[in-house]
Amino acid sequence: MNFGRAVIWVADSFYLCRTHFYYLPECLPELQAKKILMVKEHTRSWAEPFKIKMVELLKMTTPAQRAKAIKEAGYNTFLLRSEDVYIDLLTDSGTSAMSDAQWSGLMRGDEAYAGSKNFYHLDAVAKKYYGFKYIIPTHQGRGAENLLSQVMIKKGDVIPGNMYFTTTRLHQELAGGRFVDVIIDEAHDPESLHPFKGDIDIEKLASLVKKHGADKIPYVCVATTVNMAGGQPVSMSNLMALRAFTAKHGIKVMLDMTRIAENAWFIQQREKGYSRRSVASLVKEICSYTDGATFSGKKDALVNIGGFLALNDKDKFEEASNLVVVYEGLHTYGGLAGRDMEAMAIGIVESVQDDHMDARIGQVLYLGSELAERGIPIVRPIGGHGIFVDAKKFLPHLKQTEFPAQVLAAELYEDAGIRAMERGIVSAGRNAKTGDHYYPKLELVRLTIPRRVYTQAHMDVIAESVERVHERREKIRGLEMVYEPRYLRFFQARFKKK
Ligand code: P70
């Protein structure tokens with residue numbers, strides 16, 4: 001990274017990188033006391049390190065068309081047709097724009113059933129950038145989660161993790177295990193300015209080990225970044241402490257490395273001693289404190305489909321590469337076309353470039369600061385892949401059982417055709433034993449930013465739309481769930497207005 005150009009010291013509290021001011025670890029206590037998140041004082045504008053070669057035209061809709069569409073979708077944004085959406089912030093998963101290099105990689109797809117040369121390319125790139133010994137491609141992240149859970153978890157096991165993720169927890173449960181949250185308390189507080197809200201609370205982990213015994217804990221699942229907490233990063237020092245603690249007890253560490261490059265960028269920006277390190281080198285260091293990983297290439301790696309399971313243990317690798325033929329496909333394609341593996345190999349390299357990451361998270365921070373300036377309650381600090389609006393604060397007159405985040409996501413669609421995702425009580429699901437809803441502390445609407453897809457003008461439209469909905473928030477009514485599927489209910493549940 002070119003520091004002369006990218007970073008200027010200002011006073012003794014802030015430093016400027018091309019995009020924004022970020023705070024330094026040294027002055028955190030002071031900043032937390034003042035509740036300052038960032039100071040906006042650009043010297044120069046920043047811009048993306050690419051230009052646009054092809055565009056996808058969008059359909060513009062009227063308010064009446066949108067009101068009809070969201071009603072027909074049962075007030076669930078997952079059930080909207082994408083052609084009825086203007087700005088699609090449902091997810092950053094599989095929605096990125098590929099580069100010209102990736103598109104040309106598609107043309108080099110070797111669609112042999114076995115031993116495709118694209119597999120060997122992916123295998124070499126993943127080993128080079130992440131440092132794991134063995135790679136098994138899967139169709140996407142949850143394919144890898146299924147394999148990992150099946151080869152590692154026995155009935156009655158406990159799997160600690162830094163906050164649950166929906167698919168990860170479900171696969172752990174289907175394999176007979178039980179997820180236990182050991183993230184630091186700050187992660188559940190949308191207003192805490194802790195710079196690494198994804199950190200694992202080693203004390204909580206220690207008492208879990210004491211209670212159940214290390215034999216019942218096959219691994220700790222650590223996610224970089226933590227999606228459900230708002231895209232919050234884990235610090236390098238926490239990963240090291242986790243490694244030291246688990247090594248003492250003979251427990252493995254498995255990484256959910258879905259947004260690892262974003263996590264590495266936050267370490268570079270915020271953690272003492274890392275500001276001169278490249279994102280690429282930080283990514284590799286993170287992996288070095290773990291024994292394996294599940295990866296959804298649909299996020300960081302800038303592809304529309306793909307993932308892998310990485311392992312260092314030869315026996316577990318052999319077991320998993322046998323199992324993959326049952327669920328995904330042969331171990332040299334794992335449910336992917338050769339061309340998809342090629343695009344992912346190229347995307348991995350692009351994903352760890354400092355310039356790319358500056359622009360990617362710079363855009364998220366831009367939207368976040370626009371919303372914060374308008375008085376919209378959002379999770380702070382702003383995370384890596386999107387802005388998480390605090391629906392409990394936005395709609396304080398609604399009970400959690402009236403699904404405030406679901407309501408807000410539907411309202412945003414009606415206002416300007418912006419599609420967001422509920423990340424609250426509907427996503428949390430029910431306790432399998434008692435049948436009760438889980439009541440998560442965080443009731444959020446995620447405005448997820450796809451990589452390299454939307455412009456700054458789109459960000460302005462989004463901020464204005466959220467502001468408009470905020471202005472009429474008191475008139476907004478709750479929802480009632482009228483259809484609830486058994487698994488991952490948020491995808492297909494239907495609602496009606498109260
Ligand atoms: C999202 C997507 C996927 C994901 C993730 C983390 C931290 C694993 C995966 C699974 C898609 C999604 C998935 C479930 C519910 C809503 C949305 N996250 N770990 O939008 O990867 O999708 O490839 O199987 O974020 O956040 P995959």
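A polar contact is here a pair of N or O atoms within 3.5 Å; within protein, one atom must be able to donate a hydrogen and the other to accept it, and residues adjacent in sequence count only if both atoms are side-chain atoms. By this criterion, a polar backbone atom of G141 lies 2.8 Å from an oxygen atom of the ligand. The model is a predicted one, in which local features need pLDDT of at least 70 and side-chain atom pairs count only at pLDDT 80 or more, whereas totals for chains, interfaces and linings use all residues. Residues are numbered from 1 along each chain as its sequence is written, and side-chain values use heavy atoms, with hydrogens and water left out.

Of the 550 Å² of accessible area that the ligand has on its own, the protein covers 97% (areas from the Shrake-Rupley method with a 1.4 Å probe; for residues, only the protein chains shown count as cover). The ligand is surrounded by 21 residues, the closest being T91, D256, S296, K299 and R446, where a residue is taken as near if one of its heavy atoms lies within 4 Å of the molecule or strand in question.

This shell divides into 4 nonpolar, 9 polar and 8 charged residues; Ala, Val, Leu, Ile, Met, Phe, Trp, Tyr, Cys and Pro count as nonpolar, Asp, Glu, Lys and Arg as charged, and the others, Gly among them, as polar. Helix 6 (141–152), helix 7 (166–174) and strand 14 (421–423) are the elements that give two or more residues to the shell, and the largest share, 3 residues, comes from helix 6. Because domain 2 (63–85 + 354–497) and domain 3 (100–351) both give residues to the shell, the ligand lies between them; the domain bounds come from an automatic or database domain assignment.

The secondary structure of the protein chain comes to 18 helices and 17 strands, defined as DSSP runs (helices H or I, at least four residues; strands E, at least two) and numbered from the N terminus. The C-alpha trace spans about 60 × 55 × 50 Å along its principal axes. The radius of gyration of the chain, 22 Å, agrees with the value near 23 Å that a compact globule of 498 residues would have, the rule being 2.2 Å times the number of residues to the power 0.38, with the radius taken over C-alpha atoms. Of the 498 residues, 60% count as buried (under 20% relative accessible area, with exposed over 50% and partly exposed in between; 1.4 Å probe, protein chains only).

R142, placed in helix 6, counts as partly exposed at 32% relative accessibility, and its C-alpha atom is separated by 9.3 Å from that of F308, 166 residues apart along the chain. I462, in helix 18 (residues 456–471), is buried at 0% relative accessibility.

Several backbone features fall in loops. The peptide bond from T224 to T225 is cis, with omega near -20°, and T225 lies between strand 8 (219–223) and helix 9 (236–249). A further cis bond, with omega near -10°, joins R380 to P381, the latter in the loop between helix 14 (354–373) and strand 12 (386–390). M163, although not a glycine, has a positive phi of about 75°; M163 is located in the loop between strand 6 (158–161) and helix 7.
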